Amino acid sequence: MPIYFEDLEAGATTEFGEYEVTEAEIVEFAERYDPQFFHVDPERAEETMYGGLIASGWHTASMTMRMLVDGFLSEAASLGAKGVDELRWYRPVRPGDVLTLRNEVLKKEVESDVRGLAHVRTTTTNQEGEAVFSMIGLVMFGRNPE
């Protein structure tokens, strides 16, 4: 059964996902979309303030989106999003990090007879429980037709 707008509760929090980040994936993504040297050159990255290779922030956002779809949106009557508020990167993501998500429904708004809007804070954490990324998605959900 899909998760409809009515099934969401403001204040509800869920945790899910597990994504292991590899050096090869970091470099492949960055070579294509964000080829800054600290994302593509491990040796040169050692000399930076990061002390080694780090994932592009956009790669972190993409990994987050993958976990959101796999762990939540694929089960929901999701109709896409209207935007994202408060997009933040807190600390670098490195090869070997294992990422997980925490979702919190902040508020809900009925938009029509067939659709509602949920403001959902998604926080991505590493294996140490440290926040590496967060955003508030403005996610449209279908209403329960029953």
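Biologist: Which helices do the buried residues of helix 1 pack against?

Modeller: Contact means heavy atoms within 4.5 Å, and buried means under 20% relative accessible area, exposed over 50% (1.4 Å probe, protein chains only). Helices are DSSP runs (H or I, at least four residues), strands likewise (E, at least two), numbered from the N terminus. Here the buried residues of helix 1 pack against helix 2 (37–40) and helix 4 (57–71). This is a predicted model, in which local features need pLDDT of at least 70 and side-chain atom pairs pLDDT 80 or more, while totals for chains, interfaces and linings use all residues. Residues are numbered from 1 along each chain as its sequence is written, and side-chain values use heavy atoms, without hydrogens and water.

Biologist: Which residues of helix 1 are buried?

Modeller: In helix 1 (residues 23–33), they are Ile-26, Val-27, Phe-29 and Ala-30. They lie on the same side of helix 1 because they cover an arc of only 165° around the axis, taken from the directions from the helix axis to the C-beta atoms. The face turned away from that buried side carries the exposed Ala-24, Glu-28, Glu-31 and Arg-32.

Biologist: What classes of residue make up the lining of the second largest pocket?

Modeller: Ala, Val, Leu, Ile, Met, Phe, Trp, Tyr, Cys and Pro count as nonpolar, Asp, Glu, Lys and Arg as charged, and the others, Gly among them, as polar. The lining has 11 nonpolar, five polar and no charged residues. Strand 5 gives the largest share of this lining, five residues.
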